[in-house]
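Me: I am new to this structure and would like to know what stands behind the words used for it. Please go through them with me one at a time.
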2 protein chains.
Amino acid sequence: MNAEIIAAGSEMLTPARTDTNSLYLTARLNELGIEVVGKSIVGDDRARMAHMIRGALARADLLLITGGLGPTEDDVTRDAVAEALGVGLHFNEEVCAAIEARFMRMQRKMSEINRRQAYVLEGAQVLPNDRGTAPGQWIEMGGKIVILLPGPPNEMRAMFDGQVSERLRRRVPPLVIRSVELRVAGMPESDLDQLIAPVYTRYSNPATTVLASPGDIQIHFRARAETEAEAEALLKELVDQVAPLVGDRLYTRSGEALEKVVGDLLRQRHATVAIAESCTGGGLGERITSVAGSSDYFAGGFVTYTNRMKIQLLGISEELLEHHGAVSEAVALAMACGARQRTGATYALSTTGLAGPEGGTPETPVGTVYIALAGENSASARRFQFLGDRGRIRGFAVHYALDMLRRALAATE
Amino acid sequence: MNAEIIAAGSEMLTPARTDTNSLYLTARLNELGIEVVGKSIVGDDRARMAHMIRGALARADLLLITGGLGPTEDDVTRDAVAEALGVGLHFNEEVCAAIEARFMRMQRKMSEINRRQAYVLEGAQVLPNDRGTAPGQWIEMGGKIVILLPGPPNEMRAMFDGQVSERLRRRVPPLVIRSVELRVAGMPESDLDQLIAPVYTRYSNPATTVLASPGDIQIHFRARAETEAEAEALLKELVDQVAPLVGDRLYTRSGEALEKVVGDLLRQRHATVAIAESCTGGGLGERITSVAGSSDYFAGGFVTYTNRMKIQLLGISEELLEHHGAVSEAVALAMACGARQRTGATYALSTTGLAGPEGGTPETPVGTVYIALAGENSASARRFQFLGDRGRIRGFAVHYALDMLRRALAATE
């Protein structure tokens, strides 16, 4: 089975934006053994979209359409599919009631225009949306399957994973696809690739994909075989060669985020962590608490963006700040120790740096970040020099801070 | 004139990559007054690509195809265009000589396979490539223009800017495109659309696009006219009708992020803000400090994730916490007042809520968030009920907190 994907929305035809939902869908479809053979983006134009849909259906067995299911005039996907397939579109009381109930849960009244979202293609099955108002639809015709999914990524993903994936799996020949995701912290993608490419390029099965975000790399291996045991064996052979090359920079073999891995380590050790953030402004706390249940090990802490706050909230001396400057190893250490003392947490992490774009000097250029970790018996700090814009530098800082704690926790095993 | 863009290359149909050449081309085409009405990606499959090309030419006046002009077997763009247009493909001695000369300048010998790149569509003009071996082509047929460009971005850009842009400009009527972006906080997309659709749907020029993220809506208007003054007048006419409908929920007419608008208001008023975050865990501080120069008005504050930290760092009484619960108006107010007092900031914002997925009760379901703002002479709190997953609830909370401060600042004008 092969598939095409159409993303609906004029905003994705502007110079600054494009469709990214299709990347997620491609990954999931590939896991099912379904190849994506074409992708398109079309604006909010019914006739044009209908023409594109007919074209895609002439080429592919399966068509996924994301977006354009909202309540407004420019949400034309339902109408375009009806036109392309030559089927009617009927108001569905049940769907309307579900949308209305959702509004009631939010203690609001449903707008009249949301009734538009209750129109269902003749012969289609409704895919309820528990994260938004737009229900999806699944319709089959002439041996082809067309699936309408909402545009907001969180709604689209939940609907695909919860309601589409398993239904598709039953329609494709049994091919077992098993994958494993290694994650690596603290090295550049090109260095990692130079290290592991000589191994993974020798294999077409498992297939390898390497993805990088600031400080973090994901290595996906995907094996296809007739049986699960066979697929697992293929994966094991490759992982057993790659893992030793990466060493302790490998922080998970099961694709978890670094903040989740760190949280689990803290919980296992009955330890807690506090924060004292300057250049990251709260981003470290935000990331630690993005994990549900993080109150088990996250106490809280301080955002001390100005020198005055560093003095007032963390008890750092004016002399220290004056002598070393706010962006210094000494201040990073004092911040971490101050936060640990004031919160009573087992560990405290601090960040202080220059995220830019202004304020750099030859000695302390933009991208300089000191990260410190205070623990029960010791405190240590490291200087980093990150490259990129403000968001990227702050992202690196948060990631490396978490990795510093991970290494400390791993060492206490 | 309108255009479609096709990117050729199987690698852009994998989960990790997509086409970005089209973003550059869209920007350049829009400057010429040419609208992009569709974009597609197709793999290295001649028949499929030919089918896509015929589809695009049925919809658009101009078709740009990037990639697939290399020397290897999987470079099928030339053949696909020949098939789609029903024209021949002829070996061109002159083009071959130019490719050979390029190899000689690099002191290398041309491979036999590079001869494939010297095939030219019947009736096409060759677009020499001074940065690579693949020449582009420009062919017109039946009132349509098809342009073949190389895939490597630097080659594609140089060829478009040097050889295509000016030629296109002579073919399109002089047209100026101007756009404006309004942003609205604190109302759902469907409510907003119901309010403004009766106005904007009366206009096809300016064109309107409405985009939403948690708590935040962007309204893009794009006007086309023969002169800049005319385009600006078209925009003004529409904005002057829409803005009064939205009222004080409209926080910018120039597309800035809410945190930037709030920061500018604080700076103008020589005011500062501090934070006391519970359920958002640092996300509010992170967002405020994502703006360069935010140290002018952001002092810092507290992340108090546990009750103990609320007591210890913010001086909230145990009785208050016990009596009202951590997720309550009273605690939100006490957090904001405590943070303001301890930092000396003009304002302090606090958040306390249940981001889930666990921990909800009938009285306080997941998604309940109290946000408080303490100012010079008063403090106020509001209860919100947000829907969605953990990330979405936290995103809403940060956004509504910023908007609460914006409104307070606007009122002090």
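Reply: Asp216(B) is buried, and Arg183(B) is buried as well, where buried means under 20% relative accessible area, exposed over 50% and partly exposed in between, with a 1.4 Å probe and protein chains only. This is a predicted model, in which local features need pLDDT of at least 70 and side-chain atom pairs pLDDT 80 or more, while totals for chains, interfaces and linings use all residues. Residues are numbered from 1 along each chain as its sequence is written, chains are lettered from A and ligands numbered from 1 in the order in which they are written, and side-chain values use heavy atoms, leaving out hydrogens and water.

Me: What makes the pair Asp216(B) and Arg183(B) a salt bridge?
Reply: A salt bridge is a side-chain nitrogen of Lys or Arg within 4 Å of a carboxyl oxygen of Asp or Glu, and the N to O distance between the side chains of Asp216(B) and Arg183(B) is 3.7 Å, so the pair meets the rule. Helices (H or I, at least four residues) and strands (E, at least two) are DSSP runs, numbered from the N terminus.

Me: Why is Asp403(A) called buried, and why is Arg407(A) called partly exposed?
Reply: Asp403(A) has a relative accessible area of 5%, which is under 20%, and is therefore buried. Arg407(A), at 32%, falls between 20% and 50% and is therefore partly exposed. These two residues form a salt bridge, with the closest N and O atoms 3.1 Å apart, and they are separated by about one helical turn because they stand 4 residues apart in helix H13 (residues 390-411) of chain A. Asp403(A) and Arg407(A) also belong to a network of salt bridges that includes Asp248(A) and Arg406(A).

Me: How do you know that strand S3 of chain B is mostly covered?
Reply: In strand S3 (residues 62-66) of chain B, 5 of its 5 residues are buried. Leu62(B), Leu64(B) and Thr66(B) are buried on one side, and Leu63(B) and Ile65(B) on the other. In a regular strand the side chains alternate between the two faces of the sheet.

Me: What makes S3(B) a partner of strand S1 of chain B?
Reply: Two strands pair if DSSP finds at least two bridges between them, and 5 bridges join S3(B) to strand S1 (residues 2-8) of chain B, so these parallel strands count as paired. Another 5 bridges join S3(B) to strand S8 (residues 144-149) of chain B, again running parallel. Leu64(B) is the bridge partner of Ile5(B) and also stands opposite Ile147(B) in S8(B).
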